Amino acid sequence: MSPVVFMMMAVLLVAAALGVVLHRSPIRSALSLVVTMFLLAVMFLLLDAHMVAALQVIVYAGAVVVLFLFVIMLLNLREDARAMARASKVVAALVCGGLFLFAVLWFLVSAAGRGIDGGLEGGVPATFGSTELLAERLFTQFLFAFEVTSVLLLVAIIGAVVLAKRKLA
Amino acid sequence: MGIEIAIAVLKAVVVILLLLGLAGMLGWVERKGSALIQDRIGANRASVFGFAGAGLVNTLMADPLKFLVKEDLVPAHVDRFLHTLAPCVNLFPVVVAFAAIPFADTVHIAGRAIELQAVSINIGLLYVLAMMSLGVYGVVLAGWASNDRLSLLGGIRGSAQMISYEIGMGLALVSVVMTYGTLDLQGIVRAQGHLIGGWLPAWGVFYQPLACLIFLIAGIAESKRNPFDMPEGESELVSGYFTEYSGIKYLMFFMSDFAEVGLVAGLMTTLFFGGWQVPYLLADGFHLPWGATVALPGLVVTLLQVASVMVKVLFFCWLQILIRWTLPRLRYDQLMAFGWKGLLPLALANVLVTAMVVLAVQG
């Protein structure tokens with residue numbers, strides 16, 4: 001991967017991500033999130049993970065953030081006047097963010113030089129990131145995790161429907 | 001290296017001009033077609049030196065000129081940046097998605113293999129889906145940025161509708177991918193090259209008739225045209241999400257509407273009607289089912305393949321225009337019920353049956 005392209009994308013990505021948290025208008029925040037998701041997909045492309053890049057655009061940029069926008073428009077939120085003014089909220093945000101940063105750094109340091117499931121002997125395979133390889137691993141090596149995730153999503157859907165029904169009744 | 005870039009740029013320019021030219025032409029076809037269906041004359045004000053058949057010139061030249069020189073009205077108290085961004089965001093994904101449509105088999109010129117599609121990627125179908133899923137932002141943004149309740153209603157209707165029908169469309173395409181075993185659009189067209197029983201072309205529509213129908217319906221819903229034109233809904237919302245647009249920005253919404261028609265027609269052609277395949281035409285000429293052969297030079301075969309794509313795309317554009325002017329608009333709850341309770345279970349059942357047949361065939 002060309003370091004120049006990576007640096008350009010990284011700067012744009014961080015700028016878009018900052019836009020998500022710093023914009024006052026909820027709709028502009030959500031649009032910054034779309035740009036962030038799209039640039040993340042470009043990052044996956046630079047890493048030769050074409051399948052993941054396409055899914056990133058379809059699922060996150062094309063569906064999840066659209067639902068965010070839908071809710072913002074339905075509630076007709078304009079500017080968030082109250083913003084993040086209260087000190088307790090700022091402290092809570094700083095503590096949570098700090099913990100998350102610590103977890104990521106700890107993982108990066110501890111996992112440096114090896115893959116998640118052991119080392120990568122002989123480098124990256126030629127078919128890396130291809131749909132075939134991804135599907136084969138997903139349905140053999142990671143089948144249990146894959147199925148458990150789908151059950152988890154089903155539980156979330158049923159939960160959402162039950163909560164919505166209770167409101168209506 | 002220089003030649004590679006030149007070829008890529010040339011292909012991109014040709015495909016963009018082709019799609020935008022098609023969109024402009026469809027504007028005229030739609031007016032004439034609607035007039036024919038409603039027993040009017042329609043679009044008869046333009047003439048070049050008294051030549052009456054100049055209606056096409058009218059739409060291709062006079063209309064864009066008129067839109068260009070019209071005043072660009074922006075309502076007060078709107079987010080000007082988002083208001084300007086919306087028509088661009090609306091047009092961009094359609095044009096970019098069309099780049100994956102293959103126009104002919106690989107051409108070999110001077111030892112160089114050239115794919116006759118603007119971008120050839122091995123996950124072409126996912127790429128098209130990804131771009132189409134971005135199409136909703138133009139609608140949402142236009143509805144929001146206009147600061148007008150009719151536009152906002154149109155935008156909200158549009159986003160819910162497009163998300164709902166994307167699911168049915170995606171599932172219909174899953175069964176198509178299972179049938180062909182590839183996500184590459186060029187590969188999908190190649191797989192439709194052989195014959196069933198020695199005479200019937202192995203087009204997707206014969207393997208996946210239900211997926212074909214679901215895709216066409218969902219495609220029309222995605223392009224927000226009658227009977228699914230609630231986001232626009234002239235009789236309720238003036239012009240829906242683009243009520244507050246005029247001049248060149250209005251033209252861009254108009255263009256992306258017809259470009260979407262062209263995109264849906266292109267995908268129907270590629271996925272279900274053999275793409276560039278001409279029945280009985282192989283790389284060296286016609287091989288007719290009763291044994292006769294007609295040898296043809298490679299250039300003629302390529303031209304026939306391109307013509308085949310064009311004819312099929314124009315046919316499906318015509319079909320969509322016919323549907324738009326024949327069917328009445330659905331009610332909004334009918335639209336949602338049809339998408340979620342009709343198309344979605346049908347597409348799911350289709351995936352299940354396809355999976356069982358694929359398993360049985362593979363043994």
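Q: Buried means under 20% relative accessible area. With that in mind, is Tyr165(B) buried or exposed, and what about Phe228(B)?

A: In this predicted model, Tyr165(B) is buried, and Phe228(B) is buried as well.

Q: How many aromatic pairs are there over all chains, and how is such a pair described?

A: Two values describe a pair of aromatic rings, namely the distance of the centres and the angle of the planes. Counting rings whose centres lie within 6.5 Å, there are 12 aromatic pairs over all chains. In one of them, the ring centres of Tyr165(B) and Phe228(B) are 5.4 Å apart and the planes stand at 55 degrees, so this pair is tilted. Tyr165(B) belongs to helix α6 (residues 149-180) of chain B, whereas Phe228(B) lies in the loop between α9 (209-222) and α10 (234-237) of chain B, so the pair ties together parts that are 63 residues apart in sequence.

Q: What values describe the aromatic pair of Phe215(B) and Phe272(B), and where do the two residues lie?

A: The pair of Phe215(B) and Phe272(B) is tilted, with 5.8 Å from centre to centre and 50 degrees between the planes. Because Phe215(B) lies in helix α9 of chain B and Phe272(B) in helix α11 (residues 247-272) of chain B, the pair ties together parts that are 57 residues apart in sequence. Phe215(B) is buried, with a relative accessible area of 1%, and Phe272(B) is buried with a relative accessible area of 1%.

Q: Which strands form the open sheet of chain B, and how do strands of a sheet pair?

A: Strands pair through backbone hydrogen bonds, and the pairing is either parallel or antiparallel. Here 3 strands of chain B form an open sheet in the order β5-β6-β7, with antiparallel pairing. The edge strands, each of which pairs on one side only, are β5 (281-282) and β7 (293-295) of chain B. Between β5(B) and strand β6 (residues 285-287) of chain B there are 2 bridges, and Leu282(B) has Gly285(B) in β6(B) as its bridge partner.

Q: At what angle do helix α3 and helix α4 of chain B pack?

A: Two packed helices are described by the angle between their axes and the distance between the axes. Helix α3 (residues 80-98) and helix α4 (residues 124-134) of chain B pack at an angle of about 170 degrees, and their axes are 8 Å apart. An angle over 145 degrees counts as roughly antiparallel, and α3(B) and α4(B) are therefore roughly antiparallel to each other. The crossing in which α3(B) passes α4(B) is left-handed.

Key: Residues numbered from 1 in each chain as written. Chains lettered and ligands numbered in written order. Predicted model: local features only at pLDDT ≥ 70, side-chain atom pairs only at ≥ 80, totals over all residues. Heavy atoms only, no water. Phe/Tyr/Trp six-rings, centres within 6.5 Å; stacked < 30°, edge-to-face > 60°. Helix = DSSP H or I, 4+ residues; strand = E, 2+ residues; numbered from the N terminus. Buried < 20%, exposed > 50% of the residue type's maximum accessible area, 1.4 Å probe, protein only. Pairing = 2+ DSSP bridges. Axes fitted to C-alpha atoms, helices over the stretch in contact; angles between N-to-C directions. Parallel < 35°, antiparallel > 145°, perpendicular 65-115°, else oblique. Left-handed = near helix turned anticlockwise from the far one by under 90°.
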